[in-house]
Amino acid sequence: MNVGFIGLGIMGRPMAKNLLKAGHKVTVFDFNKEAVKDLAASGADSAKNGKQVAEQVEVVVTMLPNSPNVKAALFSEEGIAAGLASGKTVIDMSSISPVASQEFAEKLAEKGVSFLDAPVSGGEPKAVDGTISVMVGGDEAVFKKYEPLLRDMAGDVTLVGAVGAGNITKLANQIIVAINIAAVSEALVLAKKAGVDPEKVYQAIRGGLAGSTVMDAKAPMMLARNFKPGFRIDLHIKDLQNALDTSHSINASLPLTAELMEILQAVKMDGFEKEDHSSIVKYFEKINNLELK
Ligand code: NAD
């Protein structure tokens, strides 16, 4: 398939490489010239802006930080929409506000362009080995057409509902991940304070009911003092803000998410916003005046 890919960051770069490996013709654009060069070395074509990408392909995939970035990439003067013709498709794989996804879909529909919101979970290691989970919102016929393309980057691909449902699902995912990291942090800090080796506590409980994918990914990072992202604190703040905004707009209440937001904010204030979200543990270490290792 002739595919455009815009946004070659921690996630987008390996995802675009997996499309190349699967035999697609891929045309890329990012502000980061080094990332574009890297993709070109792997066999991608490059374009000078989103418009030029869209003119050359049948489907454009975007993997950008947040709603304003996707809006700019789509609708700025030399953006994707300027190069799209009727019958083409945009698949936005960024984690953004579901309300923004619906706005973008409506605006693109005026041009006869289809839209799927298809955020992902799994982080960089799974983006590299092509096993991320993709949660998709959109029309079923469009989904069916592009499901094989998504599977070339992913393990699981699930259509969850209409446009916006993909990002609602991703917000649910991010709430569970943030609260789970905080729970692991609080528990390991208790162990340390009580004089029990947190590494042994982790090994003892990881196979039981408290064990989780989050615990297995993040507890070893906390114990090894490895806070290299992965998934950054500033991106998780963005996701929880989108969760709170969305919940307020539909008259729902998220008390645990609100508390986690303040914890993440405190971690950011201490200067750790570019670190992995496993550095949530530093908040619990600070209030208890200790370090796990
Ligand atoms: P990143 O910051 O590493 O990459 C974003 C890329 O987008 C950068 O290369 C930037 O130059 C580019 N960009 C921004 N605006 C642009 C524009 N208008 N035109 C062209 N390029 C532009 O972010 P990431 O970690 O790859 O995350 C991307 C999305 O995936 C985010 O929404 C994030 O929440 C989500 N996500 C990330 C992870 C993870 O573990 N990193 C996991 C799941 C989902």
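Contact here means heavy atoms within 4.5 Å, and helices (H or I, at least four residues) are DSSP runs numbered from the N terminus. This is a predicted model, in which local features need pLDDT of at least 70 and side-chain atom pairs count only at pLDDT 80 or more, while totals for chains, interfaces and linings use all residues. Residues are numbered from 1 along each chain as its sequence is written, and side-chain values use heavy atoms, with hydrogens and water left out.

**View 1. Where H9 meets H10.** Leu188, Ala191 and Lys192 of H9 touch Pro198, Val201 and Tyr202 of H10. Sorted by type, that gives five nonpolar residues, no polar ones and one charged (Ala, Val, Leu, Ile, Met, Phe, Trp, Tyr, Cys and Pro count as nonpolar, Asp, Glu, Lys and Arg as charged, and the others, Gly among them, as polar). The two axes sit 9 Å apart at an angle of about 130° (axes are lines fitted to C-alpha atoms, for helices over the stretch in contact, and angles run from 0 to 180 degrees between N-to-C directions). H9 is therefore oblique to H10 (under 35 degrees counts as roughly parallel, over 145 as roughly antiparallel, 65 to 115 as roughly perpendicular and the rest as oblique).

**View 2. H9 against H11.** Helix H9 (residues 165-193) packs on helix H11 (residues 213-224) at about 50°, axes 10 Å apart, so the pair is oblique. The crossing of H9 over H11 is right-handed. H9 brings Val177, Asn180, Ile181, Val184, Ser185 and Leu188 to the contact, and H11 brings Val214, Met215, Lys218, Ala219 and Met222. Eight of these residues are nonpolar, two polar and one charged.

**View 3. H10 alongside H11.** Here helix H10 (residues 198-205) and H11 cross at roughly 170°, their axes coming within 10 Å, which means H10 is roughly antiparallel to H11. This crossing is left-handed. Pro198, Glu199, Tyr202 and Ile205 of H10 meet Met215, Asp216, Ala219, Pro220 and Leu223 of H11. The tally is seven nonpolar, no polar and two charged.

**View 4. Between the two domains.** Domain 1 spans 2-161 and domain 2 spans 168-288, with bounds from an automatic or database domain assignment. Their centres, taken over C-alpha atoms, are 28 Å apart. At the interface, 13 residues of domain 1 are in contact with 13 residues of domain 2. About 1000 Å² is buried between them, 59% of it from carbon and sulfur atoms (buried area is the accessible area, 1.4 Å probe, that two parts lose on being put together, summed over both).

Methods. Helix = DSSP H or I, 4+ residues; strand = E, 2+ residues; numbered from the N terminus. Left-handed = near helix turned anticlockwise from the far one by under 90°.
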